[in-house]
Amino acid sequence: MKCRVCRQPAVIDVRRHNAGFCRDHFLVHCREQVRRAIDDYDMITTGERVLVAVSGGKDSLALWDILLDLGYAADGLYLGLGIGDYSDESATYARAFAAQRSARLVEVDITAEFGFDIPSGARAARRVPCSACGLSKRHLFNRAALDGGYDVVATGHNLDDEAAVLFGNVLRWDSAYLGRQLPVLPASHGFARKVKPLVRLAEREMAAYCVLSGIDYIVEECPMAAGNKHLGYKDALNAIEVASPGTKAAFYFGFIDRVSAVFSPVSEGERDGLHPCPGCASPTTGELCAFCKLVAKATSNRPGPAAAQPGQPGAG
Ligand code: Q46
Ligand code: ZN
Ligand code: ZN
């Protein structure tokens, strides 16, 4: 197979585009897909400050790299989740990338700042780890963006991630989630704007992007991911995609462009009942926000007053 652009030998084929690319034109293709996603959905305006949620994995590091190449003022935010060796190792990749690109990496360590780690916090709160982790990440990314004066939080969700989440939400007809499943969530009521600039790129393309541009990333999956429903949805969609390339993109973009508006009033209604959490001032519909409840449960049996006080290294 030859490169679609220069006719030199291709190093990768992208079946849903029915195209091969040489190294250089593949990197251009990835940047172009991100630029188009940003333009099509009005994700980021020139001059805005972007906070990239960085995990040390291929998607978030590729996203950060591309945003910097496109000229955006993009800092990274790494959350130390306390998931054993996986967290220690993923942090080293995030730091190494930041150093290599002379970019600014903000770090928040959940154990040091809030007195619990995700595995033990999830057990104490009787939640599955990914649920405790997901709500913590959403809360802390939002907090860091608002406190740091960033205009927008960018996450590395790719086409495979978004199609799998959509598939799960459609299987359950979860209308509130369907209303929120957009490539851009505008800022409102104490929420920073959230954008997903990788929605036009598949997981395999992000791995190839990192390999071809010399970005080292953590290859191991998070050990807590085993049994995660989304992995099953991804496998199911991959089987369909092999037989019929382009189906995943048609499924996701068909929903975004033609169906999602039907569901948005449901989630807009959800935002109406919001008020500031008495614990942390984040918007919530409950007495305390989900993160403050998690912190309270996760630290309720810990001795000493340091557990829930932010900014005390070594607490917990
Ligand atoms: S980090 Fe957290 Fe993921 Fe690990 S515990 Fe689950 S949500 S799998 S992206
Ligand atoms: Zn080429
Ligand atoms: Zn709170």
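Asp59 is buried, with a relative accessible area of 13%. Its salt-bridge partner is Lys58, with the closest N and O atoms 3.3 Å apart, and Lys58 also counts as buried, at 16% relative accessibility. Keep in mind that this is a predicted model.

**Salt bridges**
- Arg16 and Glu205 meet through their side chains in a salt bridge of 2.6 Å, N to O.
- Arg16 sits in the loop between β1 and β2 (19-21) and Glu205 in helix α9, so this pair ties together parts that are 189 residues apart in sequence.
- Another salt bridge, also listed at 2.6 Å from N to O, joins the side chains of Arg35 and Glu32.
- Arg35 and Glu32 are 3 residues apart in helix α1, which means that about one helical turn separates them.
- Arg35 counts as partly exposed at 33% relative accessibility, and Glu32 counts as partly exposed at 32%.
- A network of salt bridges links Arg31, Asp65, Asp69 and Arg101.

**Helix α9**
- This helix spans residues 203-213, and its buried residues include Met206, Ala207 and Tyr209.
- Glu205 is buried too, with a relative accessible area of 2%.
- The cover over the buried residues of α9 includes β1 (12-14), α1 (23-40) and α2 (58-69).
- Just after α9 comes Gly214, which takes a positive phi of about 75 degrees.

**A charged surface patch**
- Arg127, Arg138, Lys293 and Lys297 form a positive surface patch.
- Arg138 belongs to helix α6 (residues 129-148) and is exposed, with a relative accessible area of 57%.

How values were computed. Residues numbered from 1 in each chain as written. Chains lettered and ligands numbered in written order. Predicted model: local features only at pLDDT ≥ 70, side-chain atom pairs only at ≥ 80, totals over all residues. Heavy atoms only, no water. Patch = residues over 30% accessible without salt bridge, like charges linked within 9 Å, V, L, I, M, F, W, Y side chains within 5 Å. Areas by Shrake-Rupley, 256 points an atom, 1.4 Å probe, with all protein chains shown as cover. Salt bridge = Lys/Arg side-chain N within 4 Å of Asp/Glu carboxyl O. Lys, Arg positive; Asp, Glu negative; His and termini not counted. Charge placed at Lys NZ, Arg CZ, Asp CG, Glu CD. Helix = DSSP H or I, 4+ residues; strand = E, 2+ residues; numbered from the N terminus. Buried < 20%, exposed > 50% of the residue type's maximum accessible area, 1.4 Å probe, protein only. Contact = heavy atoms within 4.5 Å.
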